[in-house]
Amino acid sequence: MIPHVFAIGGALVDNVVAADGTLTLDLLGGNALYAAAGARGFVARAGFAARVPAYFPLSCSRAVLGIALDRGGVRVEPGASAAPEWFFNAADGSRRDHLHGPSSLLRTHGLPSDRLSRGQADALAAALEARAGAADGYASFRARHPVRPEDVPAAWWRARGVHLCANAVPQLIACARAARAQGLCVTLDPGFRAADLGTAELDMVLDLVDAFLPSAKELAALRPGLTHEAALAALGRGRSCSGGVKRGAQGALLRLPGDGAFRAIPALPAVARDPVGAGDAFCGAFLTGLADAAGPDEALRRAVASGACAVESSGVGRLLASLMERRQDA
């Protein structure tokens with residue numbers, strides 16, 4: 001069967017250190033998984049395409065995800081390994097991420113596996129930072145195994161829409177071209193790859209997508225020194241795509257194509273337990289609004305609802321459960 005929408009990007013295992021030091025290990029995560037989960041709250045079928053290391057817990061994903069997400073786009077790389085990504089959340093909503101290392105580092109440094117003090121968390125983060133670029137990290141795996149158009153099941157190109165997560169720039173452009181050639185609605189969150197987009201590459205992807213959805217941090221990197229409104233206007237000038245910025249607890253701002261009007265929406269009230277994946281869930285839900293031709297206001301409403309569910313839970317499995325419950329209650 002063909003999913004209504006799907007996401008292309010990463011699928012991995014996350015280790016999360018909460019603001020109070022509580023540790024949650026071995027969570028299914030990754031930007032493509034979170035985006036697909038965010039979409040699934042509003043459509044009957046959503047899938048994700050990703051290349052994963054041999055250890056990736058596919059049996060666990062079947063148990064956790066059940067029939068909620070289509071895993072037909074998962075490509076296992078035999079013999080490849082990738083250490084989990086670690087997230088260190090702070091009380092103010094900020095976090096340290098893009099840190100990769102095995103869970104065994106806890107034992108190596110004599111640290112508990114349930115809860116860390118502030119000093120212990122800082123020591124672990126420093127140990128992980130010292131491993132930057134290590135061959136066993138997920139970042140290195142992702143650089144060696146970007147997701148390509150040919151990794152997507154052929155039938156999926158007949159879906160209504162696709163969300164493109166951070167990916168190596170040549171493959172990101174190739175996936176955008178493939179989607180556009182098939183007439184799909186296309187959204188893009190450049191993620192940490194925003195810094196890799198040169199002027200020519202940025203112009204290219206902006207002409208290939210229906211909506212460009214960076215975070216506030218990424219937008220500032222692309223158009224430094226400008227307000228969100230001015231930055232979105234500069235990126236969208238002369239183009240037919242929408243431009244949006246995810247602003248966390250401050251909600252989101254969207255610039256419409258054509259007249260360049262703005263739509264702002266506040267974040268929904270939520271008990272922020274874990275912000276990991278919230279931006280990706282936002283994007284997946286936003287895509288469903290565009291793919292369904294529901295209009296920008298409805299797309300934003302869906303997006304902030306998925307984002308709120310994401311910050312109130314940890315891991316894709318819990319996010320899906322929360323979204324499915326909301327859907328049944330609607």
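Ala293 is found in the loop between H10 and helix H11 (296-311), where helices (H or I, at least four residues) and strands (E, at least two) are DSSP runs numbered from the N terminus. The model is a predicted one, in which local features need pLDDT of at least 70 and side-chain atom pairs count only at pLDDT 80 or more, while totals for chains, interfaces and linings use all residues. Residues are numbered from 1 along each chain as its sequence is written, and side-chain values use heavy atoms, with hydrogens and water left out.

The phi of Ala293 is near 55°, a positive value in a residue other than glycine. Most residues other than glycine have a negative phi. Ala293 is exposed, with a relative accessible area of 68%; buried means under 20% relative accessible area, exposed over 50%, and partly exposed in between (1.4 Å probe, protein chains only). His98 belongs to strand S7 (residues 95-100) and is partly exposed, with a relative accessible area of 39%.

Helix H10 (residues 278-291) packs against H1 at an angle of about 45°, with the axes 6 Å apart; axes are lines fitted to C-alpha atoms, for helices over the stretch in contact, and angles run from 0 to 180 degrees between N-to-C directions. That angle makes H1 oblique to H10, because angles under 35 degrees count as roughly parallel, over 145 as roughly antiparallel, 65 to 115 as roughly perpendicular and the rest as oblique. The crossing of H1 and H10 is right-handed, a crossing being right-handed if the near helix is turned clockwise from the far one by less than a right angle, and left-handed if anticlockwise. Asn31, Tyr34, Ala35, Gly38 and Ala39 in H1 meet Asp280, Ala281, Gly284, Ala285 and Thr288 in H10, with contact meaning heavy atoms within 4.5 Å. By class, this contact of H1 with H10 has five nonpolar, four polar and one charged residues (Ala, Val, Leu, Ile, Met, Phe, Trp, Tyr, Cys and Pro count as nonpolar, Asp, Glu, Lys and Arg as charged, and the others, Gly among them, as polar). Helix H1 (residues 31-40) is itself mostly covered, ten of its ten residues being buried.

Val169, Ile173 and Arg177 in H6 meet Glu201, Met204 and Val205 in H7, a contact of four nonpolar, no polar and two charged residues. In the loop between strand S9 (185-188) and helix H7 (199-206) lies Arg193, which is buried, with a relative accessible area of 15%. Arg193 touches Ala166, Asn167 and Ala168, not counting residues up to four places away in sequence.

How many disulfides does a search of the whole structure find? The search finds zero, a disulfide being a pair of cysteine sulfur atoms within 2.5 Å. Cys241 is in no disulfide, and the nearest cysteine sulfur, that of Cys185, is 11 Å away; at 4% relative accessibility, Cys241 counts as buried. The sulfur of Cys283 is 7.5 Å from the closest cysteine sulfur, in Cys165, which is too far for a bond, and at 0% relative accessibility Cys283 counts as buried.
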